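Please read it beside the sequence and the structure.

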Amino acid sequence: MSAHVQREAADIRDEWLGPALSTLPADRPAAEAAISGLYRIAGLGPPRFHWVSSPLMALETVPPGARLRPPPPAGRVNEWPVTRLLKAARASLTLDLDDRVRNRHRCLAELFHTDVRLSLQRATDRSLSVVLMAAHDSRVRRDWHAVQCPSWVAFYDAIRRSAGGAFTAEQNRRLDLWATVVRSCGWWWPGEDVCVVSERPGVLCVEGTGDGGEVRLHSADGPAVRFADGWELYFWHGTRVPGWVLTDPDVERIEREDNVEVRRCAIERIGWGDYIERAGLRLVASAPDPGNPGTELRLYDMRRESRVLLAVNGSLERDGSRRRYGLTVPGSLADPVAAAGWTYGLSAEQYSLLARRT
C-alpha cells in the first residue's frame with residue numbers, strides 16, 4: 001500500500017476525531033433531521049426530541065409533555081424497541097457495505113481497518129465512552145453506544161473517498177445519515193415517542209498517547225470534561241481522579257487517600273521530587289541504575305510497610321525530557337537494584353544484566 005494512501009488514512013482519521021472531540025454546540029436541526037431519517041429506515045415515524053445538557057441528565061429528566069413515569073433503565077438500553085430496530089438497520093447496512101468491500105477493495109479495507117477504525121475506536125474508548133460510563137455509573141452496556149462510535153462510519157467513509165463509486169447511492173444515503181448524527185451532537189437515546197439527545201461538553205481536554213492518533217483524557221490544572229450544567233470530570237493522563245488531585249494536591253490528603261491510583265496521580269501532579277521532600281521520606285539507599293546508564297535509583301521509606309523506588313524513565317517524553325516516576329515496592333527490600341528488579345519479576349543480578357530499560 002502506498003505512502004499516499006497511508007497519509008490519506010491518517011487525514012481521514014483525524015478529520016473524524018475532530019467532531020468526536022468537539023466542544024461546539026450541537027447542530028440540532030442537522031441531528032434531528034438525520035435521526036428522523038434513521039427512524040424512517042427502521043419503519044418508524046420521526047420522534048419528538050428532548051435535548052439535555054449532558055449525558056448525566058439524559059435519563060434523569062422527563063421530556064416536556066411525556067407521561068410521568070420512571071425512565072427506562074440505562075443498563076437495558078439495548079432492549080429498547082427502537083434501539084433494536086436501529087441496531088438491525090445498522091447491521092443490514094454494514095453487511096451490504098462489507099459485501100461490496102470484500103469483492104472490490106479488500107486491501108484498502110485492511111489498511112483502513114487498522115489506521116482508521118481501530119485507531120478511532122481506541123481514542124473514543126479512552127475519552128467519550130469514559131464520560132458516558134461515568135454519567136451512568138457503568139450501567140450502560142456498550143452495544144448501542146458502539147453503534148454511535150464514529151469509528152465504523154469513518155472506516156466506510158474512508159473506503160468510499162479513496163475508491164470512488166465503492167457504494168450505491170442508497171448505501172451512501174444511509175451511511176450519510178449515521179455520519180451526520182456523529183458530526184452533529186453528543187450521545188443519544190432512541191425512545192418510542194421521544195429521542196433524548198445530549199449536548200456536547202463545553203470543555204474536553206485530551207492528550208496524545210502515540211503516533212496512531214490515540215488520545216486519552218487529561219488536564220493538569222482543572223477539569224478535563226465540563227458540560228454546561230456544571231457536571232465536570234477530572235482526569236490525570238487517562239485516570240479519573242477527584243478534583244483536589246489537580247487543584248489542591250497536598251501531602252496530608254495523599255496520606256489519607258486509600259486508592260493507590262489516585263495517590264499516584266496526586267504525587268505525580270506535585271512531582272515525585274517535591275513530594276518526597278515535602279513528605280520527609282527517609283532515603284534508604286541509592287545506586288546507579290544498570291538498566292538506564294547515567295541515571296540513579298533511589299529507594300525511600302513510605303507508609304504502610306512499603307517503600308518507593310524513584311527512577312528515571314528510559315524513554316524520552318514528547319518534549320525530549322525524561323520523566324521521573326515512583327514505584328511502590330515491598331518494605332523488606334533495602335537494595336534499590338533489587339527493588340528495580342522486583343518490579344520486573346527479576347532478581348537484582350538478573351536486572352543488572354538487562355539491556356537499556358524503556
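## Overall make-up

The model is predicted. Its protein chain has 14 helices and 13 strands. Taken along the principal axes, the C-alpha atoms fill a box of roughly 70 × 55 × 30 Å.

Of the 358 residues in the protein chain, 50% count as buried. Among contacts with a separation of 6 or more, 59% join residues 24 or more positions apart.

## Helix 1 and its cover

Helix 1 spans residues 3–20, which is 18 residues. From first to last C-alpha, helix 1 reaches 26 Å, close to the 26 Å expected at 1.5 Å a residue.

The buried residues of helix 1 are Val5, Glu8, Ala9, Ile12, Arg13, Trp16, Leu17, Pro19 and Ala20. The cover over these buried residues includes helix 4, helix 5 (128–135), helix 7, helix 8 (169–184) and strand 6 (215–217). Two of the residues in the list, Ile12 and Arg13, return below as contacts of Ala158 and Ser119 respectively.

Helix 3 (residues 81–104) has 24 residues. Its C-alpha span from first to last is 35 Å, close to the 34 Å expected at 1.5 Å a residue. Buried in helix 3 are Val82, Thr83, Leu86, Ala89, Arg90, Leu93, Thr94, Leu97, Arg100 and Val101.

Two packed helices are described by the angle between their axes and the distance between the axes. For helix 3 and helix 4 (residues 106–125), the angle is about 130 degrees and the axes are 7 Å apart. An angle between 115 and 145 degrees is neither roughly perpendicular nor roughly antiparallel, and helix 3 and helix 4 are therefore oblique to each other. On the helix 3 side the contact has Arg90, Val101, Arg102 and Arg104, and on the helix 4 side Arg106, Ala109 and Arg117. By class, this contact has two nonpolar, no polar and five charged residues. Arg90 and Val101 take part in the contact and are also among the buried residues of helix 3.

Ser119 is in helix 4. Ser119 counts as buried because its relative accessibility is 1%, below the 20% limit. Leaving out residues up to four places away in sequence, Ser119 touches Arg13, Thr114, Gly212, Gly213 and Glu214. Ser119 and Asp14 are 105 residues apart in sequence, while their C-alpha atoms are 9.8 Å apart.

Ala158 lies in helix 7 (residues 150–162) and is buried, with 0% relative accessibility. Not counting residues up to four places away in sequence, Ala158 touches Ile12, Phe112 and Val116. Ala158 and Leu108 are 50 residues apart along the chain, with their C-alpha atoms separated by 8.9 Å.

Trp244 is in helix 9 (residues 244–247). With a relative accessibility of 15%, Trp244 counts as buried. Apart from neighbours within four places in sequence, Trp244 is in contact with Pro249, Arg253, Ile254, Glu257, Val262 and Ala266. Gly294 is 50 residues from Trp244 in sequence, and the two C-alpha atoms are 35 Å apart.

His237 sits in the loop between strand 8 (232–236) and strand 9 (239–241). The phi of His237 is near 50 degrees, a positive value in a residue other than glycine. His237 counts as partly exposed, at 29% relative accessibility.

## Cysteines

How many disulfides does the structure hold? It holds zero. For Cys205, the closest cysteine sulfur is that of Cys265, 16 Å away and too far for a bond, because a disulfide needs two sulfur atoms within 2.5 Å. Likewise, Cys265 is in no disulfide, and its nearest cysteine sulfur is that of Cys205.

Are these cysteines buried or exposed? Cys205 is partly exposed at 26% relative accessibility, whereas Cys265 is buried at 0%.

Definitions and conventions: Residues are numbered from 1 along each chain as its sequence is written. This is a predicted model: local features need pLDDT of at least 70, side-chain atom pairs count only at pLDDT 80 or more; totals for chains, interfaces and linings use all residues. Side-chain values use heavy atoms; hydrogens and water are left out. Helices (H or I, at least four residues) and strands (E, at least two) are DSSP runs, numbered from the N terminus. Buried means under 20% relative accessible area, exposed over 50%, partly exposed in between (1.4 Å probe, protein chains only). Axes are lines fitted to C-alpha atoms, for helices over the stretch in contact, and angles run from 0 to 180 degrees between N-to-C directions. Angles under 35 degrees count as roughly parallel, over 145 as roughly antiparallel, 65 to 115 as roughly perpendicular and the rest as oblique. Contact means heavy atoms within 4.5 Å. Ala, Val, Leu, Ile, Met, Phe, Trp, Tyr, Cys and Pro count as nonpolar, Asp, Glu, Lys and Arg as charged, and the others, Gly among them, as polar. The expected span of a helix is 1.5 Å times one less than its number of residues.
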